[in-house]
Amino acid sequence: MKLEQLIYLTTIAETKSFSRAAEKLYISQPSISIAIAELEDELGIKLFERTRKGTFLCEHAHPVLEEAKNVVSSVGKIKSMSSNIVTALEHSLTIAAIPSIEAIYLTQVICEFRKKFPDYNIYIHSMPASKILDMLYSNEADICIIAKLGLHNIDFDNTSFTPFFTSRYIACARIEDAALYQKRKIQLKDIKEPIFLNVQKNKNLSTTILKPLLPYIAHKKTSLQTPSYRSMLEMCAGGLGIGILPEFIFQFYFDDFNNVLAPLELQDSIPEIHYGAVYKKSFICSEIFTSFLDLLRSFPEFIGKGSSAREAAGGR
């Protein structure tokens, strides 16, 4: 009996299809069929029934499936633990972060971290939230920094979430335009200008941290293709529309736009965004790792460093 056969067994049971299981595991269907046939011969029982409605696990095979799941899970935990040990021995930490966090303050945090641990190597991957957790679960990243609204598919049984800070959504507009809105407070339904959001091209809003905005902007003329928050602010400064963004991002770029843009408080009941770190519970939380988390929690200290923070972040 081979581990691959047990993985095939659990995947077929999950997908209810030999072909979908083969596609998910990136192998050919004949290979998975042969492996299951060999496993059935070794066990002396039939595992699956194929019908027009799909492939179903035989009733008597359910105990076999449960044990197979336990074995596959145990092997995964052993691999994860070994990976963490290697990481600790190599004095390195691999971080996957959403672009807004990576660009605005992660570099500054790492600069502070390197002062304490100059021999420790840090590797950063900046990518959308939808791909970050894949890196964590495949052991390609030790820690992920993400917005909590993007954690709909997180496995909390095996993963921890450490919160850092929260940020509310605000609007921003040119100062002369902001003066049109009484007391610099506004509801999204009252915005007549185009609304700019920082979203990847062709990205489904319902799968992003912007999901709470959907009920308010469904009928608005909205641009979804600003490549970065800085680009959004530059377009707003040019009078092309009004930007909707987390408040901490506007604060970070405030020095660059304080003579041009003004923040507007949104009076809509939009939930705050919770930012934090995600890592496996099996990860070896050494003193160095704990120190890094402590630095990440001290975000408010970095938000007010103005131009020095932006220079450290590459001026983005």
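Analyst: Helix H2 is followed by Tyr26, whose phi is positive, near 60°. Helices (H or I, at least four residues) and strands (E, at least two) are DSSP runs, numbered from the N terminus. This is a predicted model, in which local features need pLDDT of at least 70, side-chain atom pairs count only at pLDDT 80 or more, and totals for chains, interfaces and linings use all residues. Residues are numbered from 1 along each chain as its sequence is written, and side-chain values use heavy atoms, with hydrogens and water left out.

User: Which residues of helix H2 are buried?

Analyst: Buried means under 20% relative accessible area, exposed over 50%, partly exposed in between (1.4 Å probe, protein chains only). In H2 (residues 18-25), Phe18, Ala21 and Ala22 are buried.

User: What lies over the face of Phe18?

Analyst: A charge sits over a ring if NZ of Lys or CZ of Arg is within 6 Å of the ring centre and within 35 degrees of the ring normal. Arg50 lies over the face of Phe18, at 3.8 Å from the ring centre.

User: What covers the buried residues of H2?

Analyst: The cover, judged by contact (heavy atoms within 4.5 Å), includes helix H1 (3-15), helix H3 (29-43), strand S1 (48-51) and strand S2 (54-57).
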